[in-house]
Amino acid sequence: MLGRGGVSDGYEVGSKRQRMMESNPYFAVSSSASGFQPYSYGGVYQPPPFPVVRLRGLPFNCTDIDVFKFFAGLDIVDVFLVNKNGRFSGEAFVVFAGSVQVDFALRRDRQNMGRRYVEVFRCKRQDYYNAVAAEVNYEGIYDTDYHRSPPPSRPKRFSDKDQMEYTEILKMRGLPFSVTKSDITEFFAEFKLIEERIHIACRPDGKATGEAFVEFSSAEEAKKAMSKDKMTIGSRYVELFPSTPGEARRAESMSRQ
């Protein structure tokens, strides 16, 4: 089924998402840190390749945290778990801070995560963008014949969130890695947020994962705060999901490991 504007609307939204990522400082990676500017023999500037790898063979209960642990010591910008037909496919894309990080990541090809060995291989920027665009497509921003679902723990469609049972806790995803509690408090300024119950999830090395759990004065207030779903903090749009105290406690416990 096509969206109201036809296939062209889908391409337009996809291109907007791509422009957003290209302008996003978290995706703008250069080789300036090394002081080396790559030129071809003809003297024409050659930009460095986009620092992304693809993973295959991941355990089906894999999370972002597992991927961060697999690449411990490397500077990860983004982890995107790929889903097909409502189930995690065992594949993921990982964006790093630079091409040198990719070289180190490739050395972990066929190392184990749990009982499964994981393949790590190079891929193109467009492969990553297409995967992200497909998820945005699935969640109803535009509609084509090609769908991918969000991770299993997330609702299948944006509209399903209204039908879920709410607690006083929401999960935030897609946050800037530099986000602070003050940023989150400002984001929810018009709602009754309990500031001391903001938890920004971190991986074992202390770096933020891009997720957070926030607690409101009541389940009703949390549901009202869902009106901020897909609004931005900085240059990144933030997704909100109903959560539970148990999920928040598990995330907090993993951050301390």
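What follows is a quick chat about the rings, the fold and the surface.

Q: What sort of model is this, and how many helices and strands are there?
A: The model is predicted. The protein has seven helices and 10 strands.

Q: OK, rings. How many aromatic pairs does the structure hold?
A: The structure holds nine aromatic pairs. One of them joins Phe70 and Phe71: the ring centres are 5.0 Å apart and the planes sit at 80 degrees, so the pair is edge-to-face, the angle being over 60.

Q: Are those two residues buried or exposed?
A: Phe70 is buried, at 9% relative accessible area. Phe71 is buried too, at 0%.

Q: Which ring does Phe71 pair with at 90 degrees?
A: That's Phe96, with the centres 5.3 Å apart, so this pair is edge-to-face. Phe71 and Phe96 are both buried.

Q: Where do those two lie?
A: Phe71 is in the loop between helix 2 (64-70) and strand 2 (76-84), while Phe96 is in strand 3 (residues 87-96). The pair therefore ties together parts 25 residues apart in sequence.

Q: Which residues form an aromatic cluster?
A: Phe50, Phe93, Tyr128 and Tyr129 form one.

Q: And what sits over the ring of Phe187?
A: The charged end of Lys228, 4.7 Å from the ring centre.

Q: Switching topic: how much of the protein is buried?
A: Buried residues are 46% of the 257. The accessible surface is about 13,800 Å², and carbon and sulfur atoms account for 51% of that surface.

Conventions: Residues numbered from 1 in each chain as written. Predicted model: local features only at pLDDT ≥ 70, side-chain atom pairs only at ≥ 80, totals over all residues. Heavy atoms only, no water. Phe/Tyr/Trp six-rings, centres within 6.5 Å; stacked < 30°, edge-to-face > 60°. Buried < 20%, exposed > 50% of the residue type's maximum accessible area, 1.4 Å probe, protein only. Helix = DSSP H or I, 4+ residues; strand = E, 2+ residues; numbered from the N terminus. Lys NZ or Arg CZ within 6 Å of the ring centre and 35° of its normal. Areas by Shrake-Rupley, 256 points an atom, 1.4 Å probe, with all protein chains shown as cover.
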